[in-house]
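Q: I have a model open and would like to go through it with you. Can we start with the side-chain pairs and then move on to the fold?

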Amino acid sequence: MTVKELSAALSLTEFTLPAPDVPVTGGYAGDLLSWVMGRASAGDCWITIMSNQNVAAVALMADVACVILSEGVTPDEALLSRAKEQEVNLLGSDKGTFALAAAVHDLL
């Protein structure tokens, strides 16, 4: 499943989608950035409520397929700018983190 297909299936908000055809091969939910850096896998869909610019840096380091901001969180201006600049797929959802993680799991 690609990021674009995942986005459509879950009716996600697309804040930035520079690489819609990247395959999503797994998922990770977490908000402690250093923890995510060490545990998320390449190709994961990372679900978080963190919305600062460091999210883009962690997404690049972990090589995740996309980041989904859960619980209705929207990116701050610095994150949105950084995600566009560094071509990070950044999506959003009003769903809670648990429900969103379950939905991603069911799709994969």
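A: Fine. For aromatic pairs, the rings of Phe, Tyr and Trp (its six-membered ring) pair if their centres lie within 6.5 Å. Note that this is a predicted model.

Q: How many aromatic pairs does the structure hold, then?

A: It holds 0 aromatic pairs.

Q: Ok. What sits over the ring of tryptophan 35?

A: The charged end of arginine 39 does, at 3.4 Å from the ring centre.

Q: And salt bridges, how many in the whole structure?

A: The search finds 1. Glutamate 14 pairs with lysine 4, and their closest N and O atoms are 3.2 Å apart.

Q: What is the relative accessibility of glutamate 14, and of lysine 4?

A: Glutamate 14 is at 34%, which counts as partly exposed. Lysine 4 is at 39% and also counts as partly exposed. Buried would need a value under 20%, and exposed one over 50%.

Q: Now the sheet. What is the order of the strands?

A: The order is E1-E5-E4-E3-E2, in an open sheet of 5 strands with mixed pairing. At the edges are strand E1 (13-16) and strand E2 (26-29), each of which pairs on one side only. On average, neighbouring strands are turned by 25 degrees against each other, with direction ignored.

Q: How many bridges join E4 to E5?

A: There are 3 bridges between strand E4 (residues 66-69) and strand E5 (residues 90-92), and the two strands run parallel. As one example, isoleucine 68 has leucine 91 in E5 as its bridge partner.

Q: Which strands does H4 touch?

A: Helix H4, residues 77-85, packs on the sheet and touches E1, E4 and E5. The direction of H4 makes about 75 degrees with that of E1.

Q: Where does H5 lie?

A: Helix H5 (residues 97-107) lies across E2, strand E3 (44-48) and E4. Against E3, H5 runs at about 170 degrees.

Q: Switching to backbone angles. What is phi of aspartate 63?

A: Phi of aspartate 63 is near 60 degrees, a positive value in a residue other than glycine. Aspartate 63 is in the loop between helix H3 (54-62) and E4.

Q: And what about phi of glutamate 87?

A: Glutamate 87 has a positive phi of about 55 degrees, and it is not a glycine either. Its loop is the one between H4 and E5.

Q: Are those two buried or exposed?

A: Aspartate 63 has a relative accessible area of 48%, so it is partly exposed. Glutamate 87 has 57%, so it is exposed.

Q: Last one, leucine 33. Buried or exposed?

A: Leucine 33 is buried, because its relative accessible area is 15%. Leucine 33 belongs to helix H2, residues 33-39.

Q: Which residues does leucine 33 touch?

A: Leaving out residues up to four places away in sequence, leucine 33 touches Trp46, Met50, Asn52, Asn54, Val55 and Val58. As for alanine 57, its C-alpha atom is 9.5 Å from that of leucine 33, and the two residues are 24 residues apart along the chain.

Key
Residues are numbered from 1 along each chain as its sequence is written. This is a predicted model: local features need pLDDT of at least 70, side-chain atom pairs count only at pLDDT 80 or more; totals for chains, interfaces and linings use all residues. Side-chain values use heavy atoms; hydrogens and water are left out. Two strands pair if DSSP finds at least two bridges between them. Helices (H or I, at least four residues) and strands (E, at least two) are DSSP runs, numbered from the N terminus. Axes are lines fitted to C-alpha atoms, for helices over the stretch in contact, and angles run from 0 to 180 degrees between N-to-C directions. Contact means heavy atoms within 4.5 Å. Buried means under 20% relative accessible area, exposed over 50%, partly exposed in between (1.4 Å probe, protein chains only). Rings of Phe, Tyr and Trp (its six-membered ring) pair if their centres lie within 6.5 Å; planes under 30 degrees apart count as stacked, over 60 as edge-to-face and the rest as tilted. A charge sits over a ring if NZ of Lys or CZ of Arg is within 6 Å of the ring centre and within 35 degrees of the ring normal. A salt bridge is a side-chain nitrogen of Lys or Arg within 4 Å of a carboxyl oxygen of Asp or Glu.
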